[in-house]
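Here are my notes on the model you asked about, as numbered points. Have the viewer open while you read.

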Amino acid sequence: MSQDSQHGKWTISSSDDDDDDEEDLPLSGTTTTQSRLPAKSSVRSPSPVQVSAPVEVKVEPARLSAASPLTLGSEARRSAAKNQLNPVKCERSPSLAGKRKSDASEGTGWALSDSDDDDKDVKENSQSHLPKKAPPSPKTKKPKVKEERPPSPHGRLYYIDEPEDFFESNIPCLNDTYRFYLNKVTGLDKKYNTGALHIRDILSPLFGTLKESVQFNYCFDIPWMVQQYPQEFRDRPVLIVHGDKREAKARLLQQAQPFPHVRFCQAKLDIAFGTHHTKMMLLWYEEGFRVIILTSNLIRADWYQKTQGMWMSPLFPRLPVGSGLSAGESPTFFKRDLLDYLTSYRAPELEEWIQRIKEHDLSETRVYLVGSTPGRFVGPDMERWGHLRLRKLLYEHTNPIPGEEKWPVIGQFSSIGSMGLDKTKWLAGEFQRTMTTLGKSSSRPDPPLYPAVEDVRMSLEGYPAGGSLPYSIQTAQKQLWLHAYFHRWKANATGRSHAMPHIKTYMRVSPDFTELAWFLVTSANLSKAAWGALEKNNSQVMVRSYELGVLYVPSILFSHLLVYCKSLPSDQPWIWNIPYSQEPDTHGNIWIPS
């Protein structure tokens with residue numbers, strides 16, 4: 001099958017990495033009596049939640065014409081192109097072909113992520129500070145990678161100067177039950193950053209006297225990260241948990257050489273094409289312990305002109321000496337699940353942190369932990385990770401809603417993986433069943449997704465923002481059916497309509513967009529690698545990547561949610577590797593991949 005477009009003629013391949021047809025997995029667990037989430041900030045357990053949040057997100061379906069096929073590779077970004085300080089005519093050279101991740105030491109961009117489709121471990125250009133290796137023999141040489149990440153047009157001088165009050169430390173309401181925050185965004189009216197957090201705020205002494213920390217993430221700019229710690233904490237021990245291998249790992253270690261207080265823990269990625277995509281901070285203070293689960297990479301580009309989200313835990317106090325093993329547990333079993341997740345790394349470097357968590361009281365936590373960790377799981381372990389973990393929680397802690405077939409599931413993320421030739425392969429046959437679970441009920445409304453070309457063009461960053469939305473034409477060609485799900489990004493209530501979303505959220509919302517049945521903020525994009533896929537006639541689930549998020553359900557209450565409004569058919573979904581030359585972006589630039 002072929003189609004013509006303004007970008008040339010492309011052919012839809014019949015080959016795909018789709019899985020065998022899979023049967024529905026039986027639900028398990030018991031149902032507890034719960035209601036929908038109450039509206040606004042007055043929270044009542046029996047009534048649904050009205051969304052009074054700082055982010056209002058309009059979703060307008062984007063039509064996919066022949067001129068705009070789709071493909072999402074993985075979440076992107078790492079620094080590249082050190083010499084490119086300003087995006088003038090974002091033309092890209094094919095010299096990046098086959099590269100996986102470029103150096104982030106300049107904090108200026110993004111790189112090809114393999115979290116969604118494949119592991120693209122290919123040889124980088126040699127660098128003077130790395131040991132040179134002999135070229136591979138013809139027998140072991142890998143084929144050229146087709147999907148390459150163009151070098152980033154971002155440079156440090158690209159960003160506008162932050163206003164003087166941008167880094168003012170502020171503590172949000174300390175009795176906030178919901179503890180969901182957005183990031184500060186450069187270039188917005190000050191009122192839109194009120195209550196939002198920058199990384200410097202998170203690490204501020206206003207939240208505690210820091211002793212040590214752990215940073216779990218996918219992309220790192222070590223020099224930039226160190227500078228975000230306040231001066232008095234800048235030499236405190238930091239453990240970096242990452243998934244880099246070979247040349248990428250060598251570059252990461254090279255970045256840290258000037259910082260002897262920075263240590264590393266490499267996450268085990270035993271299944272091909274998986275990544276360490278979890279984004280979490282563990283902060284140990286003199287006063288206690290705190291967990292932050294977020295959507296931002298530890299690079300400069302993620303913290304200034306994109307929409308990001310985070311959950312910040314309360315300050316967990318130390319338990320009395322001699323407390324029992326079950327002490328300090330929350331109603332959501334957050335402590336047990338966090339320890340289970342950390343144990344899954346099988347890393348000696350995390351043992352002291354596991355012990356520290358055991359010694360603290362996490363009983364004030366009001367969210368459920370939803371994680372993914374690489375492996376093939378059978379029996380009861382199938383419900384420990386990925387979307388089957390989410391299905392179990394929704395089955396046990398939500399109830400059916402009258403007229404629920406009219407309550408859409410809304411997914412919002414920055415990357416999409418390959419899901420098969422039609423929606424029955426994974427999206428509807430497996431993932432959608434999880435997302436539509438409400439207690440013992442399971443209606444199946446379709447979820448809307450993803451930003452459009454015009455959103456990217458008119459964003460604060462202009463076309464370069466599309467580097468964080470790496471949907472490629474190669475993947476799109478295989479799943480044209482997906483275009484019916486696409487919608488626009490609007491966030492007028494929080495002034496973030498032009499701050500492209502790197503945040504990942506999933507929710508079940510009422511037809512009038514005033515009530516929520518549940519809400520999830522996570523690192524997981526829409527891919528089988530992140531959420532897991534059933535195998536062997538539904539008797540086994542395979543997960544490739546590390547991911548982490550938190551789930552709000554009626555028993556734990558929340559606010560500050562993303563509100564998706566009524567849709568309008570218009571525009572085209574953003575695809576990062578085709579040209580956009582007819583209209584310039586907000587910086588007067590066009591987008592011409594080579």
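The points below go from the ground rules to the annotated lysines, the aromatic rings and then the sheets.

1. Ground rules first. This is a predicted model, where local features need pLDDT of at least 70, side-chain atom pairs count only at pLDDT 80 or more, and totals for chains, interfaces and linings use all residues. Residues are numbered from 1 along each chain as its sequence is written, and side-chain values use heavy atoms, with hydrogens and water left out.

2. The annotated pair. An unreviewed UniProt entry lists Lys279 and Lys504 under "binding site". They span 226 residues in sequence, yet no two of their C-alpha atoms are more than 11.7 Å apart, so they gather at one spot. A caveat on the record: UniProt positions are in the numbering used here, feature names are shortened, and annotations may be inferred rather than shown by experiment.

3. Lys279. Look for Lys279 in the loop between β8 (262–266) and β9 (280–285); strands here are DSSP E runs of at least two residues and helices are H or I runs of at least four, numbered from the N terminus. Lys279 is buried at a relative accessible area of 0% (buried is under 20%, exposed over 50%, partly exposed in between, with a 1.4 Å probe and protein chains only). Its side chain reaches the backbone oxygen of His277 at 3.0 Å. That is a polar contact: N or O atoms within 3.5 Å, where within protein one must be able to donate a hydrogen and the other to accept it, and residues adjacent in sequence count only if both atoms are side-chain atoms.

4. Lys504. This residue sits in the loop between β18 (500–501) and β19 (505–509). Lys504 is buried, with a relative accessible area of 0%. A polar atom of the Lys504 side chain lies 2.7 Å from the backbone oxygen of His502.

5. Aromatic pairs. How many aromatic pairs are there? The count comes to 20, taking rings of Phe, Tyr and Trp (its six-membered ring) with centres within 6.5 Å; planes under 30 degrees apart are stacked, over 60 edge-to-face and the rest tilted. One of them is Phe216 with Tyr345, edge-to-face at 5.7 Å centre to centre and 65° between the planes. Phe216 lies in strand β6 (residues 210–216) and Tyr345 in the loop between α4 (334–343) and α5 (351–358), so the pair ties together parts that are 129 residues apart in sequence. Phe216 is buried at 0%, and Tyr345 is buried at 1%. Ring pairs also link Phe216, Tyr341, Tyr345, Trp385 and Tyr546 into a cluster.

6. Charges over rings. Arg300 lies over the face of Tyr304, 4.2 Å from the ring centre. The charged end of Arg356 is over the ring of Trp353, 4.6 Å from its centre. The rule wants NZ of Lys or CZ of Arg within 6 Å of the ring centre and within 35 degrees of the ring normal.

7. The sheet of five strands. An open, antiparallel sheet runs β13-β23-β20-β19-β15, where strands pair if DSSP finds at least two bridges between them. β13 (368–372) and β15 (409–412) each have a single partner strand, so one side of each is left without a neighbour in the sheet. β20 (residues 516–522) and β23 (residues 547–552) pair over four bridges, and Phe519 stands opposite Tyr552 in β23.
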